[in-house]
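Trainee: I would like to learn how to read a few features of a protein model. Could you take me through them one at a time?

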Amino acid sequence: MRKYILMMLMSTLLLAPTAYAHTMDKSMLYTDVPATTPDLQEIMVLHSTGLIGYNGTDMALNPSENLSRKDFAGWVGAFFGLEGATVDELAQAAKNEEYVSSLEGDITYKEINTALFHNKLDIEKPDATLTKEQYIGFLTDNIDVDMGGHTLLQMGGFTYGPTGTIDDVVTGDETGLVIDGKTYMLSGHPRIFADATEAKSWVGQELEKSILTTSAGHHHDGHETQSKNTSAPTLQYIQLATTAQAATDEKQEQVTNATPRDQQQASETADTTASNSSTVWIVAIVALLAVIIGIVLWKRKK
């Protein structure tokens, strides 16, 4: 029964733009990818488009393992919106469409270059296999490569969305972000990189990066209910500035916008602090020397 429930959950998450009106945040993507993972943003971008997914067995990524042809084919099937509800079905569909020649063994750089980049990339070791972690880095480095008027992201029916301050959040049956007076609705199953998943808490925060589904995105066909207006692009991925990053940006902005007098006062304050610190150290050293000399003289007197 437990395995059946898991398989049902996997089938709903596998089609990475397939959605059922709930979000996935940075803490629940994979069981072995914690929210502190250094390349988590890259993972979430690829996951939101379907370029990485699940293996049909559990919700672990296993980034150090080699990427199998079957898993790659299943992910490609999800990315291109091929027919299928499981990894096996999507993988077979990808093979039928000749994105891969076999479902056995591990995928190579050359095969990925052929399936996703029309052989436009110059690969140093085309016949080498790669781990899932290397695959994530490889796609991240090349996702915006121009392949004769389109990129990999655009091939999947996606485009980069708005950035900037979130002025307001629309909630109800659907959730939307208001940026520069325009409302962008979230897809039914968006990936969220943020400190909090409560939408109202995003008001006033900076949207650093976003990915929109496009109205021409073939990956929606028969799978996803985007919004009441199905032709309208929706946000599939949003990346908000973390609290720490926001504080750093604010400090940098203050420095950038500071007047010459402010900069002079800040410099004088820093010099005073440094001078006071130096004085404290000098006094401490002198006191230590005095103690040492006192101990030496005392021992000689004895």
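Mentor: Gladly, and keep in mind that this is a predicted model. Let us begin with surface patches: they are made of residues with over 30% relative accessible area and no salt bridge, and nonpolar side chains are joined within 5 Å.

Trainee: Which residues make a nonpolar surface patch here?

Mentor: Trp281, Ile285, Leu288, Leu289, Ile292, Ile293, Val296 and Leu297 make a patch of about 820 Å². Take Leu288 as an example: this residue lies in helix 9, which covers residues 260-301.

Trainee: Is Leu288 buried or exposed?

Mentor: Leu288 counts as exposed, because its relative accessibility is 52% and the cut-off for exposed is over 50%.

Trainee: Next, the aromatic rings. How do I read a pair?

Mentor: A pair of aromatic rings is described by the distance of the centres and the angle of the planes. Rings count as a pair if their centres lie within 6.5 Å, and by this rule there are eight aromatic pairs. Phe79 and Phe80 are both buried.

Trainee: What kind of pair do Phe80 and Tyr99 form?

Mentor: Phe80 and Tyr99 are stacked, at 4.8 Å centre to centre and 10 degrees between the planes. Phe80 sits in the loop between helix 3 (69-79) and helix 4 (87-96), and Tyr99 in the loop between helix 4 and helix 5 (109-117), so this pair ties together parts that are 19 residues apart in sequence. Phe80 counts as buried at 9% relative accessibility, whereas Tyr99, at 23%, is partly exposed. One aromatic cluster takes in Phe79, Phe80, Tyr99 and Phe158.

Trainee: And how should I read a strand?

Mentor: In a regular strand the side chains alternate between the two faces of the sheet. Look at strand 5 (residues 176-179): Gly176 and Val178 point one way, Leu177 and Ile179 the other way, and all are buried.

Trainee: Which strands pair with strand 5?

Mentor: Strand 4 (residues 168-170) pairs with strand 5 in the antiparallel sense over three bridges, and Gly176 is the bridge partner of Val170. The hairpin of these two strands has five residues between them, and there Gly172 takes a positive phi near 140 degrees. Strand 6 (residues 182-193) also pairs with strand 5 in the antiparallel sense, over four bridges, with Val178 opposite Thr183. In that hairpin, two residues lie between the strands, and Asp180 takes a positive phi near 55 degrees.

Terms used
Residues numbered from 1 in each chain as written. Predicted model: local features only at pLDDT ≥ 70, side-chain atom pairs only at ≥ 80, totals over all residues. Heavy atoms only, no water. Patch = residues over 30% accessible without salt bridge, like charges linked within 9 Å, V, L, I, M, F, W, Y side chains within 5 Å. Areas by Shrake-Rupley, 256 points an atom, 1.4 Å probe, with all protein chains shown as cover. Salt bridge = Lys/Arg side-chain N within 4 Å of Asp/Glu carboxyl O. Buried < 20%, exposed > 50% of the residue type's maximum accessible area, 1.4 Å probe, protein only. Phe/Tyr/Trp six-rings, centres within 6.5 Å; stacked < 30°, edge-to-face > 60°. Pairing = 2+ DSSP bridges.
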